[in-house]
Amino acid sequence: MILWAAVSDGIIAKVPDVATPARKSVRHDQDHHTPEDDVATPSQVDQLYGAIPQPWSIAVLLAAWCQLRRGKVLGLQRRDIVWNHERTAATLYVRRQKNGSTGDLTDPKSEKGIRSMAVPPLIVERLRDHLDRRMAAEPTAPVVPIREKGLKHMSATRWNQVWTDHRELVPGLPEGYRFHDLRHTGLTRFAQEGATLAKLMRRGGHADINVLLRYQKATMARDIDLAGRMSATVLGELRRTATAKTKPPDEAV
């Protein structure tokens, strides 16, 4: 990261051709099934939001409830959040990412990564307050700046340090809880509300539906619940119909 930054600043011409340690991916491979412990409770998400200093804490809510990856969160700008006339609802547009390797703002890796989504009402007030109090007024101002009302995007390296320094303040989280696990939390809750795999795919910007199979348990649990409710309603109607048919005409009236 230091060498890439030196190239970006013009201090050296290119990154030397030397072996460097492989960075551990923030994502699981497609064969991994994330344990349920990786799903934070709403209370833990709120505690993480409170533990992370301003002006960076909004990243927690965007990762969890807008289901964004780290690079997408750090790449957001003011112009990517479009409000309705009363500023009571907003649409978030994902158009770029902060590249963790080069530090540049780049296009998402796939076309699926470019998308729009409704901002959940539970974070609208906090997001509006953040834009009004913590961000610069320019359309290209970063949502997560290095410093309050700054015009420079926070780097992945700096964010990782902030995250690891403050996540331990929230009790009950698994050891080494990753920022990326907040995205998993949000997608799991989205699935539990009855979202189909297609809707999860769009919300999460996934290009491979196989990655979404980890959420199949949540969607099936919701499907079973809805099927049970439908069955109870239908059986109730059938019983009432059968009872009405067996009653004498005067009692039925």
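The model shown here is predicted, so local features need pLDDT of at least 70 and side-chain atom pairs count only at pLDDT 80 or more, while totals for chains, interfaces and linings use all residues. Residues are numbered from 1 along each chain as its sequence is written, and side-chain values use heavy atoms, with hydrogens and water left out.

Arg87 lies in the loop between strand S1 (81-83) and strand S2 (90-94); helices (H or I, at least four residues) and strands (E, at least two) are DSSP runs, numbered from the N terminus. Arg87 is not a glycine, yet has a positive phi of about 60 degrees. Arg87 also lies over the face of Trp83, at 5.1 Å from the ring centre (a charge sits over a ring if NZ of Lys or CZ of Arg is within 6 Å of the ring centre and within 35 degrees of the ring normal).

## Other backbone features

Most residues other than glycine have a negative phi, and most peptide bonds are trans. Lys149, in the loop between helix H5 (121-133) and H6, has a positive phi near 60 degrees. Lys149 is partly exposed, with a relative accessible area of 47%.

A cis peptide bond runs from Gln54 to Pro55, with omega near 5 degrees. Pro55 is found in the loop between H2 and H3.

## Ile81 in strand S1

Ile81 belongs to strand S1 and is buried, at a relative accessible area of 6%. Leaving aside residues up to four places away in sequence, Ile81 touches Ala90, Thr91, Leu127, Leu131 and Val143 (contact means heavy atoms within 4.5 Å). Ile81 and Val119 are 38 residues apart in sequence, and their C-alpha atoms are 8.9 Å apart in space.

## The buried face of H6

In helix H6 (residues 156-166), the buried residues are Ala156, Trp159, Val162, Trp163 and His166. Seen down the axis of H6, these buried residues fall within an arc of 125 degrees, so they line one face of the helix; the arc is that of the directions from the helix axis to the C-beta atoms. The buried residues of H6 pack against helix H2 (42-51), helix H3 (58-65), helix H4 (70-75) and helix H7 (180-192).

## Aromatic pairs

Rings of Phe, Tyr and Trp (its six-membered ring) pair if their centres lie within 6.5 Å; planes under 30 degrees apart count as stacked, over 60 as edge-to-face and the rest as tilted. The count comes to three aromatic pairs. Trp163 and Phe179 make an edge-to-face pair, at 5.3 Å centre to centre and with 70 degrees between the planes. This pair links distant parts of the chain, with Trp163 in helix H6 and Phe179 in the loop between H6 and H7, 16 residues apart.

Trp163 counts as buried at 3% relative accessibility, and Phe179 is buried at 7% relative accessible area. Ring pairs link Trp159, Trp163 and Phe179 into a cluster.

## H3 against H7

H3 and H7 pack at an angle of about 45 degrees, with their axes 6 Å apart (axes are lines fitted to C-alpha atoms, for helices over the stretch in contact, and angles run from 0 to 180 degrees between N-to-C directions). H3 and H7 are therefore oblique to each other; angles under 35 degrees count as roughly parallel, over 145 as roughly antiparallel, 65 to 115 as roughly perpendicular and the rest as oblique.

Here Val60, Ala63, Ala64 and Trp65 in H3 meet Leu182, Arg183, Thr185, Gly186 and Arg189 in H7.

Methods: Buried means under 20% relative accessible area, exposed over 50%, partly exposed in between (1.4 Å probe, protein chains only).
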